[in-house]
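Here is a short briefing to read alongside the model. Have the sequence and the 3D view open as you go.

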Amino acid sequence: MDPTTVLFEVVEHVATITLNRPEAMNSFNQTMLEEFTQIWQRVRDDDDIHVVVLRAAGDRAFSTGMDVKQGFDRHDNVWSQTDPGERLSPKLNQVWKPMICAVQGMAAGGAFYWLNEADIIICSQDATFFDPHVSYGLTAALEPIGLARRIPLGETLRIALLGLDERVSAERALQIGMVSEVLPREQLWERADELARIIAAKPAAAIQGTVRAIWESLDTNRSHALRTGLSYTQIGNPIGKAEVDRASMARPNWTLR
């Protein structure tokens, strides 16, 4: 795998993906869609990868969604067309390894394909979030549907309906639970990497089972989710517990958030 639209590296169980089209606001084109298909397959199948960090090059934007100048390939038959999120989003690609998104600058439109399926989102103080679809006469559907599973419905509708006329600040994103931490720009990547390595040090079976159980519960009712969650503890706990010696385990110097 030798991607051209992103930078990809794996160091000590952490895969770092850097969107690398700053001249195009890190928007996605056909090439990026194809490369993310390969990336998620690699992340899913490589057991040396425990956690993913997704970040973006440049200062102006994390991503502004689809590259409107280049677009992407669509099937001629409208009933055979698919959502680009099926290539960009980790959970839709059966990736149950946690993804941490580090957002700076603008995150707009199709950027939510990544944000909606992130496990942790942190951002810089200059980050702004918005969805321009309706301003251009386009139905805002796919991205807000995913977003409504992260933040209150009213906030999702406000973002979707106001389009280009309002942006969500980093401070407001923290208030509504879109992000969990706001940092100075120069600390953003270091903090994302720090969080990733804390998670990557834990038993992978426990982490991946946790991610899968919680995300899959969003697609089912409570009783079914609890039964499925129980089966995941029965499958994953023996594997994860074998990697931990509780008697000699050093207690971490925990932090208070």
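Which backbone oxygen does the side chain of Asn26 reach? The side chain of Asn26 reaches the backbone oxygen of Phe62, at 3.4 Å. This is a predicted model, where local features need pLDDT of at least 70 and side-chain atom pairs count only at pLDDT 80 or more, while totals for chains, interfaces and linings use all residues. Residues are numbered from 1 along each chain as its sequence is written, and side-chain values use heavy atoms, leaving out hydrogens and water.

**Around Asn26**
- Asn26 is buried, with a relative accessible area of 0% (buried means under 20%, exposed over 50%, partly exposed in between, with a 1.4 Å probe and protein chains only).
- Leaving aside neighbours within four places in sequence, Asn26 is in contact (heavy atoms within 4.5 Å) with residues including Leu19, Met32, Ala61 and Phe62.

- Leaving aside neighbours within four places in sequence, Val103 touches Phe62, Phe129 and Leu188, among others.
- In soluble globular proteins, nonpolar side chains tend to be buried together.

**An exposed tyrosine**
- Tyr136 is exposed, with a relative accessible area of 57%.

Note on methods: A polar contact is a pair of N or O atoms within 3.5 Å; within protein, one must be able to donate a hydrogen and the other to accept it, and residues adjacent in sequence count only if both atoms are side-chain atoms.
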